[in-house]
Structures are given as C-alpha cells and as structure tokens.
Amino acid sequence: MANTGWDEFEIGAMLRTFEGEAGDIAGTLQEDRNYTQNSSFSASVADWRIEKPVFNKDFCIDCQFCWVYCPDLSIISRDKKMIGVDMDHCKGCGICVEVCPTNPKSLLMFPEKDDEEEVIAGWPEKEKKEK
Amino acid sequence: MAFDKVELKDIEVWDGNFAASQAMRQCQIDVVAAYPITPSTPIVEGYGNMKANNLIEGEFVMVESEHAAMSGCIGAAAAGGRVATATSSQGFALMVETLYQASGMRLPIVLNVVNRALAAPLNVNGDHSDMYLGRDSGWIQLDAYCPQDAYDMNFIAFKVAEDHDVRLPCMVHQDGFMTSHTAQGVHTLDDDTAYGFVGEFKPMNDMLDFEHPVTHGVQTEEDWHFEHKARQHNDLMTKVLPKIQAAFDDFEKISGRKYNIVEKYDMEDADVAVVCMGTSVETAREVAGEMREKGIKAGVVGLRVVRPFPFFEIAEALKEVKAIAALDRSSPNGAPGMLFNEIAGCLINTPANPMLSGFVYGLGGRDLTKKHLVEIYTQLQANVDAGKLTTPQQQFIGVRGPKLSFL
C-alpha cells in the first residue's frame with residue numbers, strides 16, 4: 001500500500017472488506033475470515049485510547065455481560081467463554097468494567113502505558129459486604 | 001411492482017420543471033430523496049404526482065431538508081441504485097457539504113438545479129449564484145437554455161455520470177422561472193427510446209452486493225487524501241468531456257437534436273462575441289443576428305458544459321475573435337467574474353490576444369434585455385475600432401443609478 005501510486009487504487013475511497021467473495025460469513029469466525037488489509041477489522045482504530053481495560057480471568061464467571069454491552073464489539077468470546085479484549089478496536093470507554101458483576105471485578109481500567117502482568121499481580125482483593 | 005408507461009405526444013407543451021420531471025420518470029430512477037424549494041419544487045412535485053399515479057416504480061423519499069435529501073441520495077447511490085433529486089438556491093447551499101461527499105465517493109447522482117439567487121436579500125428569482133457555488137464541488141455541470149434542453153440534458157447526465165469510467169455526479173442547470181416556469185414546445189422521446197438511451201443501471205462497488213461487502217465514506221488523512229483528490233480531478237479533467245461528446249453523438253441519432261460542449265452561434269467570422277450561459281444565450285443569439293444586419297460581425301458562445309470547464313474548446317471558439325464580453329450572472333464578490341477569469345485563463349498562453357471585458361448582469365432575476373446586449377456589442381465593436389479597451393474591465397449591466405464599473 002505504501003508505494004501505491006496516485007491512480008492505482010479503486011475510485012471513491014471505497015474499501016473492500018474481504019479478499020474475494022464474502023462466503024459463509026455467519027458460519028465463519030472473525031479470525032478465520034479473509035479480511036483485507038484495508039478493512040476496519042484488520043486496521044487499528046484505537047489509537048486515541050488513553051485508558052485500557054485489563055482482563056483478569058481468575059475472577060471471570062463468563063456471564064457475557066461485557067460482551068453484550070461493549071459498543072464496539074471488542075470483547076472476544078468463544079463458546080460463551082470470555083477470552084479477552086480486542087485492543088485494535090476498543091476505545092477505552094469502560095462500559096465492560098461498569099457492567100462486570102464479579103467481586104473483585106474481572107475487568108478494570110488502567111492507564112494505557114501500564115504493564116498488564118504487573119496490574120494483574122496487584123489486582124484488588126475481594127471486597128467484604130458491609131452488614 | 002408494475003408501473004404504467006405514458007404515451008407522450010411528439011411535441012408537448014412543458015415548462016423546464018415538468019420537462020425535467022418527465023425525463024426523470026423515463027429514466028426509471030430507483031430512489032429520489034427530495035425537499036422542495038422554489039423554483040425547483042414542481043420538478044419533485046410533478047415526479048411525486050407521477051409516482052402516486054403508478055407511473056414510477058422507484059422509491060420517493062420525503063426528507064426534512066436539502067442536506068438530508070442529498071444525504072439520502074448518497075446512501076441510495078452507494079447502496080447501488082439510480083438516484084436523482086432537484087433543488088435551488090438556499091437548498092443548494094445547504095446541500096454543499098454533501099455535494100463534496102457525493103463526488104468524492106464517486107456516486108453518479110443527477111441533481112437538477114433550477115438556478116436562483118442566494119440571499120441576502122432573500123430572492124426567489126433566477127441568477128447563477130447557486131450554479132457558481134457548486135463549481136468547485138467535483139460535479140459535472142450541464143447547462144440548459146430552455147425547457148427542451150432541460151429535458152434532453154437529464155438523459156445526457158445519467159448516461160455520462162453512470163459510465164463506469166466516469167462515476168461522477170452531474171448537475172443539470174436551468175434558469176429559475178425563465179426556463180423552469182416558461183412553457184414551450186418540447187420534442188419528446190417515447191418511453192422505450194428514452195430508457196433505452198440511458199440503459200439499465202449498472203451498479204459498481206454497491207453496498208447491496210453482499211458477496212463483496214464494501215465500506216463507503218472512509219477517512220483518509222495526509223497519507224491518502226491527496227491521491228484520492230488527484231485521481232478525482234484527473235478523471236474529471238480527462239475522461240468526462242469525451243464521454244459527454246459521445247453521449248451527444250448518440251443522442252443526436254435518437255432525437256435529431258445536436259448538442260455541443262461549447263455552443264457556437266454566428267462564430268465563423270465573428271469579430272466580437274458574447275460568452276454566456278442559460279436563457280441569456282438565446283437572447284444574445286437574437287441580438288447578434290440584429291447586430292449583423294447593422295454590419296457588426298457579432299457572435300455568441302454558450303457553455304453547455306460548465307464543469308469540467310471546456311478549456312481548449314473555448315480557446316478554439318474564441319481564437320479569431322477581437323473583442324469578447326464575458327457575462328457572469330453571479331456577483332463575484334471581490335474578484336472578476338468566473339467566466340472572465342476562465343476565458344482569460346484559457347486564452348493567455350495562446351497566440352490569441354483579444355480584448356476581454358466582464359459584465360455582471362441579471363442578479364436576482366433582473367432581466368437581461370436586448371437593449372443591454374446591443375450596448376455590449378456596441379462597446380465591443382468600439383474596442384475593436386479603437387484597438388484597445390475603451391471601458392473598465394468589469395461593468396455592471398442593468399443596475400439602477402449611475403454606471404457602475406470596476407477594474
């Protein structure tokens with residue numbers, strides 16, 4: 001792409017989603033689809049995120065709340081098991097953290113620069129209910 | 001859903017608006033999204049009436065503004081349909097943002113623009129302010145001088161815009177009221193011939209092609225924006241005029257009516273020429289004939305295609321002319337008129353060295369009378385006789401009070 005000339009692309013700033021035909025989209029997982037380099041699945045649209053959600057699977061109950069509520073389809077879940085966050089598409093809105101029902105939460109927001117292993121090592125303890 | 005065809009008489013008495021409505025009906029448009037504004041309202045009103053009477057199969061979408069009208073057209077065109085609408089003046093101004101989207105996305109929408117002045121002061125009558133506002137928007141702009149042209153140019157517009165080598169939107173301009181509301185005899189095409197000329201719509205990169213999904217309306221920053229704009233300008237500059245000429249040639253075969261990218265009248269031996277657009281061309285033609293009876297070799301050049309500007313064709317038409325008047329029906333607001341500038345531009349690097357004077361006329365529907373044109377031709381001849389410009393380069397014609405001129 002970088003060396004493509006001024007008249008070597010398709011007109012209209014139009015981008016193709018797939019190489020060739022789409023085929024059986026509904027029956028094919030995202031990672032197995034033949035996305036083009038230009039598609040918004042392949043390209044990162046998350047440059048402006050300043051806080052990121054970190055997933056700690058030790059406390060996750062696979063309730064799928066985060067998957068349901070994420071406005072950018074950025075929660076990766078397979079066979080109803082939470083796998084992680086698609087960081088190329090997550091904008092850092094924090095909704096997944098808000099809706100997470102576990103104690104402590106299985107998703108927490110941290111500054112973009114923080115190291116994931118370090119923040120998981122320092123994950124908060126379970127909060128005791130006040131009677 | 002089946003729709004009924006219409007048996008037209010060979011000659012119908014139509015105004016420019018209804019001529020455009022009928023042409024739109026005959027082109028079998030998939031989607032018209034429209035919002036009414038004087039003087040273009042009867043185009044979509046007439047079209048809606050035909051829709052209600054089952055003469056049209058396509059969708060008619062009533063929207064809440066001209067911005068929404070063109071946005072709806074863009075969506076429908078990206079989805080993969082034949083699309084058109086109509087507007088004027090303030091409505092056109094509200095569309096401007098989306099006009100650039102349509103051309104940048106290479107969507108072949110046809111927009112009938114019934115030319116009207118831009119406020120303030122508010123004015124519903126005809127001048128070319130809205131046409132001039134659109135001239136950098138990346139659209140093809142065709143100009144009709146009378147209802148017959150308004151009918152015919154719609155077919156040319158669809159044919160050229162939808163060509164896969166072009167894929168650029170196209171405006172068809174007609175003068176507010178002078179053309180849009182003046183009924184004249186219009187030679188018609190029968191429904192099958194008309195539809196046969198524009199042909200079945202051939203989609204390209206359409207969103208409704210589910211086997212080949214596409215993203216339309218993407219963002220490109222400094223990394224790619226310039227390349228897209230260069231490509232668009234290249235196609236407008238190099239591909240469109242040959243396609244328009246081919247469409248004119250094909251149209252002549254089915255209709256017997258011959259159109260040219262630049263219309264020339266009495267230009268074979270002309271010493272003095274007026275360059276203008278719209279209904280003024282017809283007035284100027286009449287006056288040029290009368291000036292010839294007085295011994296002044298007068299001619300008229302009319303632009304049929306405003307964008308892409310027919311740079312070499314205009315230069316060729318004017319190469320032997322000694323004195324030229326560029327008539328701009330839009331206030332240049334701080335510059336020479338558009339036609340003055342464009343004509344100067346296309347002649348500057350040629351051997352031709354004519355005297356060029358600019359005239360601003362007809363703002364807000366002020367009539368351009370034969371007397372005005374006699375005055376212009378007389379001035380041009382005086383310039384020829386004196387061998388130099390005898391007046392300022394920019395004059396106002398038909399404005400009240402003492403003579404107004406600049407430059």
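In chain B, strand E2 (residues 31–34) and strand E4 (residues 83–87) run parallel and are joined by two bridges, and within this pair B:Val31 stands opposite B:Val83 in E4(B). Strands here are DSSP runs of type E with at least two residues, helices are runs of type H or I with at least four residues, and both are numbered from the N terminus; two strands are said to pair if DSSP finds at least two bridges between them.

This is a predicted model, in which local features need pLDDT of at least 70 and side-chain atom pairs count only at pLDDT 80 or more, while totals for chains, interfaces and linings use all residues. Residues are numbered from 1 along each chain as its sequence is written, and chains are lettered from A and ligands numbered from 1 in the order in which they are written.

**The open sheet**

E2(B) and E4(B) belong to an open sheet of seven strands with mixed pairing, in the order E3-E2-E4-E5-E7-E6-E13 of chain B. Its edge strands, each pairing on one side only, are E3 (59–62) and E13 (305–307) of chain B. From one strand to the next the twist averages 20°, where axes are lines fitted to C-alpha atoms (for helices over the stretch in contact) and angles run from 0 to 180 degrees between N-to-C directions.

Strand E14 (residues 323–328) of chain B is mostly covered, with six of its six residues buried; a residue counts as buried if 20 or more other C-beta atoms, placed from the backbone, lie within 10 Å of its own, as exposed if 12 or fewer do, and as partly exposed in between. On one side of E14(B) the buried residues are B:Ala323, B:Ala325 and B:Leu327, and on the other they are B:Ile324, B:Ala326 and B:Asp328.

| Partner strand | Sense | Bridges | Residue bridged to B:Ile324 |
|---|---|---|---|
| E15(B), residues 355–361 | parallel | six | B:Leu356 |

The chain crosses from E14(B) to E15(B) through helix H12 (residues 338–347) of chain B, and this β-α-β crossover is right-handed, a term used when, with the strands pointing away from the viewer, the path from the first strand over the helix to the second runs clockwise. H12(B) is itself mostly covered, since seven of its ten residues are buried, among them B:Met338, B:Phe340 and B:Cys346. The elements that cover these buried residues include H5, E11, H11 (311–318), E14 and E15 of chain B.

**Two domains and two chains**

Chain B is divided into domain 1 (11–255) and domain 2 (263–406), with bounds that come from an automatic or database domain assignment, and the C-alpha centres of these domains lie 28 Å apart. Their contact takes 27 residues from domain 1 of chain B and 20 residues from domain 2 of chain B, two residues being in contact if their C-beta atoms, placed from the backbone, lie within 7 Å. On the side of domain 1 that touches domain 2, the largest share, four residues, comes from E6(B).

The contact between the chains takes 14 residues from chain A and 19 residues from chain B. Here strand E1 (residues 15–16) of chain A runs antiparallel to strand E9 (residues 214–215) of chain B, joined by two bridges, and A:Arg16 stands opposite B:Val214 in E9(B).
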